[in-house]
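Hello,

Here is the model we spoke about, with the sequence and coordinates below. My notes on what turned up follow after it.

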Amino acid sequence: MKLLFERSRKGRQCCILPPCDVETAAFDESLLRKAPLHLPEISEVDLGRHYTELAKQTHGVNDGFYPLGSCTMKYNPRIDEEAAALPGFTGIHPLQEPESVQGAMEVLYETEQLLKEITGMDAMTFQPAAGAHGEYTGLLLIRSYHLHNGNKERNKIIVPDSAHGTNPASASMAGFEVISVKSDENGGVDLDALRAAVGPDTAGLMLTNPNTVGLFDPNILKITEIVHQAGGLCYYDGANLNAVMGHVRPGDLGFDCVHLNLHKTFAAPHGGGGPGSGPVGCKEFLTQFMPAPLVKKEEDHFEFFVPENSMGRVKSFYGNFLVVVKALTYIRTLGKEGIPEASAGAVLNANYLMKKLSGVYDMAFDTLCMHEFVMTLQRQAHEKGVTAMDVAKRLLDFGIHPPTMYFPLIVHEALMVEPTETESPETLDEAAGIFLKIMEEADTDPESLHQAPHSCPIGRPDEVTAARKPVLRYQF
Amino acid sequence: MGSYIPSTGEERQEMLKTIGLSSMDQLYDVVPEEVRLHSLDIPEGMSEMEVSRHMEELAGKNHVFRSVFRGAGAYRHYIPAIVKSVTGKEEFLTAYTPYQAEISQGVLQSIFEYQTQMCELTGMDVSNASVYDGASAAAEAVLMCQERKRSRVIISGTANPQVIETVKTYCGSRNVPVTVIPAREYSTDPGELKNALTEDTAAVYIQSPNYYGVIEDMESLIPVIHESGAKAVMGVNPISLGLLKTPGELGADIAVGEGQPLGMPVAFGGPYLGFMTCRQAMMRRLPGRIVGETTDKEGRRCFVLTLQAREQHIRREKASSNICSNEALCAMTASVYLAAMGPQGLYRAAESCAAHARYLAAELGKLGFHILSGERPFFHEFLTDCPVDSGKLLAALAKQDILGGLPVDGGILWCCTECNSKADIDRLVSIVKEVCGK
């Protein structure tokens, strides 16, 4: 397909701006751009068609089943988009006087109240723009706390070996040394390994619960106790909150701070990789360190304030505000009954699909799962040469977005499946049928799996050459 | 209450039976009873119509000014209609990060186009697929320059204060020392810069046009930075580059900025777009997603996420950054904006910003407002003193549906874009005149 630049014809343009109605500025020649500016010169109709064609080569949740583990690809309600497009939200400048943006401040305040109750935390900041940004911010809370108490030596963060890559990367950015602890045979935190890892240098533990193999750690209260007894704090990675919201709260499990992914759990769309929103909540004793500003309610109006020992800023202004608007619309729609029903629905759908695939696909952990489950293709890879990659690529031919592949790292040939609550039983039955059919093909026609996909606009790309000889822009 | 679960109660019972359970509650048997939550203390759910009303009410409590003369990091520009129509397409909106290239060519190609446009705009070799915003882009950029014997970061005090704060946070957590050099007459002083540069300086961040609107003398400043062996990171306003010399032409090593002016509404501060471009030599230090061109087995051109060895999902604690989700749809917004404007349109936007700012400055000058940066060239913002009480002045403007400049350092920081027509400016000036009693 042609690039924008290949559609460009000299002299073509869209008609957007009027001629300038005042005298133009006379800049000194030395300040002016001499370099040519190769932007596309294109008519509006061609521009429109270009993106329509690109859209046809993009699979979103609205195009079909998207069981991408760990990413919670649930339906993104249209009303949430409509709310975020209201001119009263899009047209306000972030530096307007607070009197003129009381509605926006109320959005932040109201969402904070709801998420505090859902997580069991005492305060929330919306400044972080994504999950990893939230992790970083949460870890800075932990860092600030230990430094404030004069415990400079607490510089190690414990992360299970099943964790998302962002966890260790965030810990490192926050200035910590990362200690990896192994998982036990059930995929949970190995308590003995944890006991051996904690000590006077422990700053804290980062944990996703349910974890990345889709299991709720039954030892969770013991885990947070071990860390607390060693003087560390517990950080809850909210990546998998969609399994448990409304049923159990991180704050009640012993966690001191959390981040949430509004673009996963609270139905805001992912936009092909962002923008997200990664609000961070914490217990009372950490609120003094939160990023500034926060919003408070004084009688009937809202004000900004700076926490006493604030860590400063992690981003401009107040975060990805419009994403917060979407999440608020979603939470108010579901409400006190709908939130726990959504998570239970996600768990039900995951278990249902897992049951349908069991026997043909090997489950990494053969037990009731939470909102996602992990399969291993190790046996098939060994016996038939059919890998997780092959199955994933074959799914593309049937209009299904593949599960997350080769993650978590503790499971070989992993496929991590997260159907979410917004899929109907028919969709799950149909998907199960396709997964099973693919495994039949593994016996009858394995070559066809290695060559898959067959019906996509392109076949498997040559990623090795892409990385060895990087071509990262169009050359004019 | 509202719900987006398709299955009926009966269907759910059937599904439970299939997995060998009899109630939904049993799905949570693994959760210790003492921490099970039996009732969530939030309001009951609402129908779509009710929630729509609630959100409209909240939006209605905000005031959208008819005309805006305030920038300071967020700028109201005209957004072409096609920008919203393209980025509203549900395929783009509801897709995840394009891990599966075969069904994500649309998103991948759009990022490749965005990267190309950002390289062109800034005059640099390589661009990433975006980071969160201009402030985090500046922070990531100075951290890219860290070397074994060089860690110190110098920031000019003329940068946007929120960018300075963000850089300080990011550097602080990595124990990277930060020096902020004081502004002199609202611009960066080469003497102060020279004094601040040390043998252990890794990077210097200078914003131009700076927070006060002044176009910095980068042609003098960058050689000073390079003589010391440090890297020059330049913060830019992307619209200004339709007119002004690029970071590439000026010799910067990395260019970053807030991409919001490229088609994104001011929206109370976000979502915005952090863009980052750099020289070829620094390519493998760039944080975040990068899209590259390659071919499939039949030799067809296609695009993939590449150079992933830098990233958190491969390198974990050794990654160049922790970034995972970025601002992809905002990057697409910028890309559609730049294509719709074209080289002529972007030039016209930049020219119009600068021209309107000059016209306003001249009119205010007649009423006794002095530009505090003197004769230094400025782009579309400028700081003036205020001969009357600035609170009173801004209140009078607000009454007439005008958001005046931002009170800064006892003066007012004004901003004009192509949206502030001559008629709008004349209206503002007549109100100012009244308040000044002239």
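Strands β11 (residues 373-376) and β13 (residues 414-417) of chain A run antiparallel and are joined by four bridges. Within this pair, Val374(A) is set opposite Met416(A) of β13(A). Please keep in mind that this is a predicted model.

The two strands belong to an open, antiparallel sheet of four strands in chain A, with the order β10-β11-β13-β12. At its edges are β10 (362-363) and β12 (404-405) of chain A, each of which pairs on one side only. Helix α9 (residues 321-357) of chain A lies across β10, β11 and β13 of that chain, and the helix runs at about 20 degrees to β11(A).

Helix α9(A) also matters for the account of the contact between the chains. Across the interface of chain A and chain B there are eight salt bridges. The side of chain A that touches chain B draws its largest share, 29 residues, from α9(A). One salt bridge joins the side chains of Lys315(A) and Asp133(B), at 3.6 Å from N to O. Polar contacts across the interface of chain A and chain B amount to 91 residue pairs, both residues being at pLDDT 80 or more.

As for extent, 201 residues of chain A and 180 residues of chain B take part in the contact. The area buried between chain A and chain B is about 16200 Å², with 64% of it on carbon and sulfur atoms. On the chain A side, Leu17(A), Met173(A) and Leu472(A) lose the most area to chain B, yet together they make up 5% of what that side buries.

One residue of chain A got a separate look. Asn209(A) sits in the loop between β4 (202-208) and α8 (220-229) of chain A. Asn209(A) counts as buried because its relative accessibility is 1%, the cut-off being under 20%. Leaving out residues up to four places away in sequence, Asn209(A) touches Leu215(A), Phe216(A), Asp217(A), Ile220(A), Tyr236(A), Asp237(A), Val244(A) and Leu253(A). With Asp217(A) there is a specific approach: the side chain of Asn209(A) reaches the backbone nitrogen of Asp217(A) at 2.9 Å. Asp237(A) is 28 residues away from Asn209(A) along the chain, and their C-alpha atoms are separated by 7.5 Å.

Regards

Notes:
Residues numbered from 1 in each chain as written. Chains lettered and ligands numbered in written order. Predicted model: local features only at pLDDT ≥ 70, side-chain atom pairs only at ≥ 80, totals over all residues. Heavy atoms only, no water. Buried < 20%, exposed > 50% of the residue type's maximum accessible area, 1.4 Å probe, protein only. Contact = heavy atoms within 4.5 Å. Polar contact = N/O pair within 3.5 Å; in protein donor to acceptor, adjacent residues only side chain to side chain. Pairing = 2+ DSSP bridges. Axes fitted to C-alpha atoms, helices over the stretch in contact; angles between N-to-C directions. Buried area = accessible area lost by both parts, 1.4 Å probe. Salt bridge = Lys/Arg side-chain N within 4 Å of Asp/Glu carboxyl O.
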